[in-house]
Amino acid sequence: MLPYATLGEAEAALGRSLTFAEDIWFRYTARMPDYLLFYHNIIFLFVIFSLAPLPLALIELGFPASVSSFKIQPKIRLPPTSFFQCYKDVMRVFLLVVGPLQLSSYPTIKFVGIRTGLPLPSLWEVALQLLVYFVVEDYGNYWIHRLMHCKWGYEKIHRVHHEFTAPIGFAAPYAHWAEVLLLGIPSFAGPAMVPCHMITFWLWIALRQLEAIETHSGYDFPWIPTKFIPFYGGAEYHDYHHYVGEHSQSNFASVFTYCDYIYGTDKGYRYHKALLAKLKEQPRNGDKIGTNGFKDGGKSD
Ligand SMILES: [Zn+2]
Ligand SMILES: [Zn+2]
């Protein structure tokens with residue numbers, strides 16, 4: 001809730017007129033308690049989990065030929081029931097874990113200093129903070145993910161996320177409840193280290209989930225804007241991790257490629273890509289290598 005009763009009071013406190021965005025923010029939040037603003041995240045996550053993977057899923061199920069040339073594992077076609085079951089399981093974890101976690105973490109948000117007032121942050125501030133959050137989260141996620149590939153971690157927890165050897169968008173948040181909790185730590189570490197405005201925090205939560213859905217889409221579209229982000233992993237990069245499955249020692253990072261490069265955990269993937277390129281140059285009888293497919297290159301790790 002803002003400490004100003006009127007727009008005039010807000011402008012007097014700032015010593016200038018409100019910008020258009022600040023005017024909207026004032027009208028929307030002036031009488032709204034801060035905890036309700038924070039709980040918007042629950043709605044955003046529900047909408048993103050439900051709607052963001054939907055268009056591609058409908059195209060894949062209804063008109064598979066129109067996108068088949070971009071499918072990373074073209075031989076795998078899941079029935080509609082698999083899509084629905086995945087969504088149902090995601091919603092169960094959402095109701096039992098994600099929602100309660102959000103509801104109970106408001107005091108922490110307050111403690112680390114996520115602010116809701118005026119002035120709003122500049123676009124530069126938002127962009128730089130988001131960059132920090134992505135890098136911090138990527139690093140933390142890399143190590144938690146890598147640890148979860150130990151025998152105990154995989155069998156007890158991470159196995160659930162790997163049920164999809166050819167991932168779909170709906171499978172991005174599909175995981176054991178303990179994994180959802182664990183991966184919440186690096187997601188929150190960035191905002192705890194560099195506190196931001198609530199708008200930036202909303203954006204962070206939304207963008208991170210949209211990125212995960214794209215990464216799990218199962219499609220490698222050449223025109224996707226994320227291709228222009230330096231060191232960005234993308235769908236094909238993470239798809240390989242799912243393709244190899246339990247014994248994968250490659251591509252642990254969730255967003256960027258630099259961690260796998262630095263710690264040498266992209267060797268299997270690079271070897272595999274080189275092998276595929278070679279096979280495409282010299283096709284053997286009966287071998288058909290898709291543009292993006294992992295077909296028949298052999299699982300390297
Ligand atoms: Zn994994
Ligand atoms: Zn995954």
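Below is a short exchange on how the terms applied to this predicted model follow from its computed values.

Me: What is the basis of the numbering and of the values?
Reply: Residues count from 1 along each chain as its sequence is written, and chains are lettered from A and ligands numbered from 1 in the order in which they are written. The model is predicted, so local features need pLDDT of at least 70 and side-chain atom pairs count only at pLDDT 80 or more, while totals for chains, interfaces and linings use all residues.

Me: How many helices and strands does the protein chain have, and what makes a run count as one?
Reply: The protein chain has 14 helices and zero strands. Helices are DSSP runs of H or I with at least four residues, strands are E runs of at least two, and numbering starts from the N terminus.

Me: How do you know that the radius of gyration agrees with a compact globule?
Reply: The rule is 2.2 Å times the number of residues to the power 0.38, with the radius taken over C-alpha atoms. For 301 residues a compact globule would have a value near 19 Å; the protein chain has 22 Å, which agrees. Along the principal axes, the C-alpha atoms fill a box of roughly 80 × 40 × 40 Å.

Me: Why is N251 called buried?
Reply: Buried means 20 or more other C-beta atoms within 10 Å of the residue's own; exposed means 12 or fewer; partly exposed is in between, with C-beta atoms placed from the backbone. N251 has 27 such atoms, so N251 is buried. N251 sits in the loop between α12 and α13 (258–262). Its phi is near 55 degrees, a positive value in a residue other than glycine. Most residues other than glycine have a negative phi.

Me: What makes F63 exposed?
Reply: F63 has 10 C-beta neighbours inside 10 Å, so F63 counts as exposed. F63 is in the loop between α4 and α5 (64–67). From F63 to N251 is 188 residues in sequence and 31 Å in space, C-alpha to C-alpha.

Me: Why does F231 count as partly exposed?
Reply: The count for F231 is 13 C-beta neighbours inside 10 Å, so F231 falls in the partly exposed class. F231 lies in the loop between α11 (198–215) and α12 (234–244). The phi of F231 is also positive, near 60 degrees, in a residue other than glycine.

Me: How do you know which residues V194 is in contact with?
Reply: Contact requires C-beta atoms, placed from the backbone, within 7 Å. Leaving aside neighbours within four places in sequence, V194 is in contact with Q129 and V132. V194 has 16 other C-beta atoms within 10 Å, so V194 is partly exposed. V194 belongs to the loop between α10 and α11.

Me: Why is the peptide bond from L118 to P119 called cis?
Reply: Its omega is near 0 degrees. Most peptide bonds are trans. P119 is in the loop between α7 (106–112) and α8 (123–147).

Me: What makes a set of residues a nonpolar core, and which members touch the most others in the largest one?
Reply: A nonpolar core is a set of buried Ala, Val, Leu, Ile, Met, Phe, Trp, Tyr and Cys residues joined through C-beta atoms within 7 Å. The largest has 28 residues, and F83, C86, V90, I168, F170, A171 and Y174 touch the most other members. α6 gives the largest share, seven residues. I168 touches residues including P53, A57, L78 and H216, not counting those up to four places away in sequence. A second, separate core of 18 residues includes F38, I109, Y133 and Y142.

Me: How do you know that the buried residues of α3 line one face?
Reply: In α3, L37, F38, N41, I48 and F49 are buried. The arc is that of the directions from the helix axis to the C-beta atoms. Here the buried residues fall within 140 degrees, so they line one face of the helix. On the other side, L36, I43, V47 and L51 are exposed. Elements covering the buried residues include α2 (20–29), α6, α7 and α11.

Me: Why is the span of α3 called close to the expected one?
Reply: The expected span is 1.5 Å times one less than the number of residues. α3 has 18 residues, with 26 Å expected, and reaches 26 Å from its first C-alpha to its last.

Notes:
Two residues are in contact if their C-beta atoms, placed from the backbone, lie within 7 Å.
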